2 protein chains.
Amino acid sequence: MKKTKAKPNVAILATLDTKGSEVAFLRERLRDAGVNVLVIDGGILGSATSRADVPAGFLARKAGSSLAALRRLGHEGKAMGIMMQGAVKVIRDLYDREKIDGLIGLGGSMGTSLGTSTMRALPFGFPKLMVSTMASRDTRPFVGSKDILMYHSVVDLVGLNRMTRQVLSQAAGAMAGMVRFTHRPRTSFLPPLIAVSTLGTTEACIRHFRADLEKSGWELAVFHTVGSGGQALEELVEEGEPQAVIETSLHELVDHLFKGSYDAGAHRLEGALLKGLPMILIPGNIDFIVTGPPETLPPRYKNRPIHVHNAAICVVRTNAQEMKRLARVVADKLRLATGPTALLLPSKGFSVFDSPGKSFFDLSIDRVFIEAIKKSAPSGIRIKEVPAHINDPRFAEEVVRTFREITWSPFSKVLNKKRGTLAG
Amino acid sequence: MKKTKAKPNVAILATLDTKGSEVAFLRERLRDAGVNVLVIDGGILGSATSRADVPAGFLARKAGSSLAALRRLGHEGKAMGIMMQGAVKVIRDLYDREKIDGLIGLGGSMGTSLGTSTMRALPFGFPKLMVSTMASRDTRPFVGSKDILMYHSVVDLVGLNRMTRQVLSQAAGAMAGMVRFTHRPRTSFLPPLIAVSTLGTTEACIRHFRADLEKSGWELAVFHTVGSGGQALEELVEEGEPQAVIETSLHELVDHLFKGSYDAGAHRLEGALLKGLPMILIPGNIDFIVTGPPETLPPRYKNRPIHVHNAAICVVRTNAQEMKRLARVVADKLRLATGPTALLLPSKGFSVFDSPGKSFFDLSIDRVFIEAIKKSAPSGIRIKEVPAHINDPRFAEEVVRTFREITWSPFSKVLNKKRGTLAG
């Protein structure tokens with residue numbers, strides 16, 4: 001819980017051996033914008049060219065090393081990797097002790113790695129701004145599943161000129177403006193949250209059940225299962241935010257198994273099951289594997305139905321054998337469940353692509369998944385087969401009904417704690 | 001020139017058929033943060049679900065169409081493309097009439113295309129913030145060479161919940177903070193600006209000449225020639241910002257000719273030559289072509305010296321034949337010159353890779369470029385061969401000497417206008 005402070009504190013993390021004058025300028029602009037500033041030096045090669053409040057040596061020691069040892073490595077990348085560990089520890093510690101309200105970084109490739117690796121260690125909602133020469137390209141290694149603002153500096157951040165001054169001034173303004181909105185309204189009532197997964201191909205399903213659940217007093221947060229979306233959902237569960245989960249899109253499991261593009265890692269789904277959150281699993285979007293551009297399609301997929309989504313993405317119909325393997329994986333995950341869990345099986349199609357008239361429509365393949373999971377799911381999981389397409393309003397009605405059953409159940413952990421908040 | 005306003009104006013551009021409640025919330029948060037708000041609707045499919053100040057039909061008409069006609073197209077992508085043209089016209093007009101001080105967009109893939117295509121039509125320094133589900137991936141189609149802040153929303157922007165409220169509140173704060181720093185100090189003296197191109201491999205050259213030129217009263221802005229950097233330099237020249245250009249990195253021309261990764265288009269270098277800016281051309285970094293990961297190396301390069309920069313980038317030594325073609329291209333561009341232009345040729349190596357002991361070091365290939373360009377460069381261009389490596393301090397001394405010659409020349413347009421500002 002944050003106390004009300006007269007002045008918020010913003011940390012600058014940068015390499016002061018190469019960016020001393022830029023950091024000094026940013027510090028002044030942040031002060032002009034009404035915040036206190038703490039400068040943290042992550043530079044390893046040379047000595048700081050402007051004043052740091054937390055010197056580089058302190059970060060190196062936090063990582064169990066020293067600046068001298070890092071320099072002796074003779075490898076900037078490796079040295080920087082160790083330095084980042086120290087930076088994460090220092091920043092996490094400042095965050096935990098409520099000493100900082102925002103984090104701003106600036107730099108090129110090294111500085112952006114340093115800054116964003118630290119930002120990714122901070123929770124959603126904490127203001128994070130990276131001024132970077134690396135913001136107009138693939139930013140996933142930097143941003144990952146986090147709410148980081150990437151500010152493309154256009155010019156290189158070496159030396160002060162009208163352009164770097166402009167960028168740094170605006171960055172200071174943006175950060176100062178953000179920290180005023182940091183404090184979450186912990187004092188007022190927050191409705192219980194359902195984390196919901198989807199893709200465009202199952203979005204209609206959510207549209208059909210959203211209003212009913214909101215009327216019952218729940219709040220919904222929607223995650224797109226493009227890999228980073230599933231990871232963000234898992235992280236939110238880890239941070240203890242949602243009280244329930246409805247998964248309408250499981251194709252990240254397919255992509256993990258068969259090396260598709262939207263892979264969210266081996267532990268997808270597991271967090272909520274282990275925590276015992278009420279959870280509905282719907283096998284949406286498992287009718288496809290996401291792959292890259294058509295010309296990079298692996299030969300093993302050449303004879304499958306293919307849907308070209310755009311120049312960068314095409315999707316391939318899953319086959320019966322893959323459905324069997326997936327059912328085994330889902331059943332194994334279900335064995336981890338410690339809370340009320342339901343599996344809802346729409347027997348008339350798993351996504352927009354898998355609907356009558358569309359090229360992936362093949363109920364016989366879908367049936368393989370349904371039969372296999374029915375057979376192998378552990379007891380204690382509610383399983384309902386619904387004779388409807390996943391995007392059919394009738395299916396969504398069943399989602400709402402089941403959700404009420406499992407959250408009103410005396411076995412529901414969330415209800416034991418939060419019964420008063422459930423007005424539905 | 002901006003007038004001082006009591007309250008800055010921020011435009012929101014979004015599709016109000018799908019993002020009505022989110023835009024209404026953002027509008028309130030921006031107002032709380034002390035700015036006036038103008039909501040512009042770019043939605044084409046449904047009707048707006050909250051109030052717009054500039055309705056979608058107005059944008060469609062500005063593009064020479066109508067909402068009805070766009071809907072009749074039956075193709076969301078094409079309709080959106082036309083809508084974007086209208087949005088660009090409306091926003092540019094508001095900008096030109098000084099009615100807006102910042103632009104904020106929110107959305108998924110469609111909304112991000114709409115928002116950022118409009119932002120890319122606004123000059124450097126104008127605050128641009130895109131709240132997007134598409135910010136953790138390849139952002140180059142969205143950001144390009146512009147100073148756009150990309151804010152990864154983590155959750156999908158459908159419906160208000162604690163997460164979307166948090167993101168939109170912070171976005172409002174960031175934008176409100178930025179617009180306070182919009183106004184450039186036009187009233188106070190700004191030193192003349194030199195746009196300088198480089199890459200890490202010729203950075204030492206700049207380091208050696210920077211201080212001398214700054215002491216003479218110039219300001220330097222440095223652009224990394226990774227494609228977007230060269231484009232940003234060209235755009236800045238187009239906007240009339242720099243008074244002179246020093247190019248120490250020409251490999252974008254090589255990459256354009258031979259389909260390398262860091263291509264900045266066919267017209268690189270030409271803007272400053274056509275405008276008659278004093279310009280120094282140095283053939284830095286033409287000893288290599290930038291290509292992708294080693295495993296994607298085209299077969300024609302297999303027998304060349306190769307330097308693996310990292311897992312995503314490797315560089316290939318240019319050969320004599322390529323040097324000849326490049327010299328022809330540079331000579332053709334030089335024929336466009338209308339101002340004082342100098343070509344400085346370091347005869348002991350063109351980059352860090354092309355220095356003694358390094359794998360690309362081959363002065364006989366470099367000689368091919370030097371001889372060819374000497375032969376084919378038009379008269380009126382000063383050509384100096386300097387018996388030094390490009391990163392040698394002696395070479396940088398020659399850069400400074402030449403720069404002073406061409407900027408003090410009575411033929412220099414910049415001097416005719418700005419002699420008083422040149423204290424060197």
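Author: The size of an interface is often given as the accessible area lost when the parts come together. Here chain A and chain B bury about 4900 Å² between them, with 57% of it on carbon and sulfur atoms; buried area is the accessible area (1.4 Å probe) that two parts lose on being put together, summed over both. A:Phe124, A:Arg162 and A:Phe181 supply 16% of the area that chain A buries against chain B, more than any other three residues. This is a predicted model, in which local features need pLDDT of at least 70 and side-chain atom pairs count only at pLDDT 80 or more, while totals for chains, interfaces and linings use all residues. Residues are numbered from 1 along each chain as its sequence is written, chains are lettered from A and ligands numbered from 1 in the order in which they are written, and side-chain values use heavy atoms, with hydrogens and water left out.

Reader: How many residues of chain A are in contact with chain B, and into which classes do they divide?

Author: Contact means heavy atoms within 4.5 Å. By that rule, 61 residues of chain A are in contact with 61 residues of chain B. The chain A side divides into 30 nonpolar, 16 polar and 15 charged residues. In this scheme Ala, Val, Leu, Ile, Met, Phe, Trp, Tyr, Cys and Pro count as nonpolar, Asp, Glu, Lys and Arg as charged, and the others, Gly among them, as polar.

Reader: What is the count of salt bridges between chain A and chain B?

Author: A salt bridge is a side-chain nitrogen of Lys or Arg within 4 Å of a carboxyl oxygen of Asp or Glu. The count between chain A and chain B is 6. One salt bridge joins B:Arg162 to A:Glu219, with the closest N and O atoms 2.9 Å apart.

Reader: Which element gives the most to the side of chain A that touches chain B?

Author: Helices (H or I, at least four residues) and strands (E, at least two) are DSSP runs, numbered from the N terminus. Among the elements giving two or more residues to this side are helix H7 (162-179) and strand S5 (149-152) of chain A. H7(A) gives the most, with 11 residues.

Reader: How many bridges join S5(A) to strand S5 of chain B?

Author: Two strands pair if DSSP finds at least two bridges between them. In this model 3 bridges join S5(A) to strand S5 (residues 149-152) of chain B, and the two run antiparallel. The bridge partner of A:Met150 in S5(B) is B:Met150.

Reader: Into which domains is chain A divided, and what area is buried between them?

Author: Domain bounds come from an automatic or database domain assignment. Chain A is divided into domain 1 (9-179) and domain 2 (193-421), and their C-alpha centres lie 38 Å apart. The contact takes 6 residues from domain 1 and 8 residues from domain 2 of chain A. About 490 Å² is buried between the two domains, of which carbon and sulfur atoms give 37%. A:Arg140, A:Ser145 and A:Lys146 supply 77% of the area that domain 1 buries against domain 2, more than any other three residues. The count between these domains is 2 salt bridges. A:Lys146 forms a salt bridge with A:Glu239, with the closest N and O atoms 3.6 Å apart.
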